Amino acid sequence: MPYFWRMEKKVTKIGVLTSGGDSPGMNACIRAVVRTGIHHGLEVYGIMRGYSGMVENDIIRMESRSVANIIQRGGTILKTSRCKEFFTPEGRKKAYDNLKKHGINGLVIIGGDGSFRGAQIFSNEFDIPCIGLPGTIDKDIAGTDFTIGFDTAVNTAVEAIDKIRDTADAHDRLFVIEVMGRDAGYIALHSGIATGAENILIPERKTEIEKIITQLEEKERRHKLVNLIVVAEGDEFGGGNEVARVLKQRMPLLEVRVCILGHIQRGGSPSCFDRLIASRMGYHAVESLVEGKNNVFIGIVNNKINYIPLDEAIKKKQRISEEWLKIVKILAT
Ligand code: F6P
């Protein structure tokens, strides 16, 4: 039997929280957790502002109607934070005592790898089973093909980049467009390929800046400078402004415009795909707690629910495959 099973105690009261950067679909996921919990006769509690709500006892009882009319909304009704105090033993002890006050004996954590690191430490210290669900626009978590929010974010980026191409084309201009992704280039990779960007710069791949400059010089000679460079904020230059600065330094006559898409990518109504995976994952998180699973991360791989121990989920990062790197090299060099 895998070691993430625990059979001794029955879960009766569960808490759900969203932590780290919000992502579209988090509300759909909360809704699924609450309604599946109620279906099983559990009491369900919403923990406000991520781990901060646990530390500060900001915990509310949730009923089926508490999650009515939220499936289509971006953000998270539970709010979110990156809580430093939870990463201290004192903070976690406070959090545990507060959960005990409510009788909460199972947790669902929707967030990114930082949130799972917190859950993993907490569940090793205290006897409260934790289930992690991937909620991040970055898609940088191993053990799942998709994370809640990625599809919406990347489509937001595609829509914006298409619009930028219209004006770039009208003026024969070079645009550097920065998308989110501090450590991961997935949004840049997918939005760049989908919009036919001429160059895509991601942290996972060395930027061949000399090659880009040679291409631009050639285009400049032909007065055909429509060129979209999609840059992940975490690329080796440190984002769009830096890339533009380097290009201007080498080609002073170049007219460059920089567009930073920023937090627009985090908001908005979730796509159908994000609502579906969020609902599916939320449902399975509660089923897992009811079945007695502990310290598990739940993802979707090849359209099947995938369970991996939280310990493993935090050790690995989702890597961009060689196949995608090759495609980028050929289509956007
Ligand atoms: O982790 C999601 C993410 O949107 C990253 O892509 C980005 O670097 C970061 O969060 C931004 O965080 P904040 O909202 O705290 O500035």
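**Reading the fold**

Biologist: At 0% relative accessibility, does Cys-130 count as buried or exposed?

Modeller: Ground rules before that: this is a predicted model, where local features need pLDDT of at least 70 and side-chain atom pairs count only at pLDDT 80 or more, while totals for chains, interfaces and linings use all residues. Residues are numbered from 1 along each chain as its sequence is written, and side-chain values use heavy atoms, with hydrogens and water left out. Now the term: buried means under 20% relative accessible area, exposed over 50%, and partly exposed in between, with a 1.4 Å probe and protein chains only. Cys-130, at 0%, is therefore buried.

Biologist: How many disulfides does the structure hold?

Modeller: A disulfide is a pair of cysteine sulfur atoms within 2.5 Å. The structure has zero of them. For Cys-29, the nearest cysteine sulfur belongs to Cys-130, 15 Å away. Cys-130 in turn has that of Cys-83 as its nearest, at 14 Å.

Biologist: Which residues touch the most other members of the largest nonpolar core?

Modeller: In soluble globular proteins, nonpolar side chains tend to be buried together. A nonpolar core here is a set of buried Ala, Val, Leu, Ile, Met, Phe, Trp, Tyr and Cys residues joined through side-chain atoms within 4.5 Å. The largest one has 31 residues, and Ile-14, Val-16, Ile-30, Val-108, Ile-110, Leu-133 and Ile-298 touch the most other members. Apart from it lies another core of 28 residues, Tyr-186 and Ile-202 among them.

Biologist: What is Leu-133 in contact with, leaving aside its neighbours within four places in sequence?

Modeller: Contact means heavy atoms within 4.5 Å. The partners of Leu-133 include Cys-29, Val-108, Phe-116, Met-281 and Ile-298.

Biologist: Which side chain does that of Glu-236 make a polar contact with?

Modeller: A polar contact is a pair of N or O atoms within 3.5 Å; within protein, one must be able to donate a hydrogen and the other to accept it, and residues adjacent in sequence count only if both atoms are side-chain atoms. The partner is the side chain of Lys-206, at 3.5 Å. The Glu-236 side chain also reaches the backbone nitrogen of Thr-207, at 2.6 Å.
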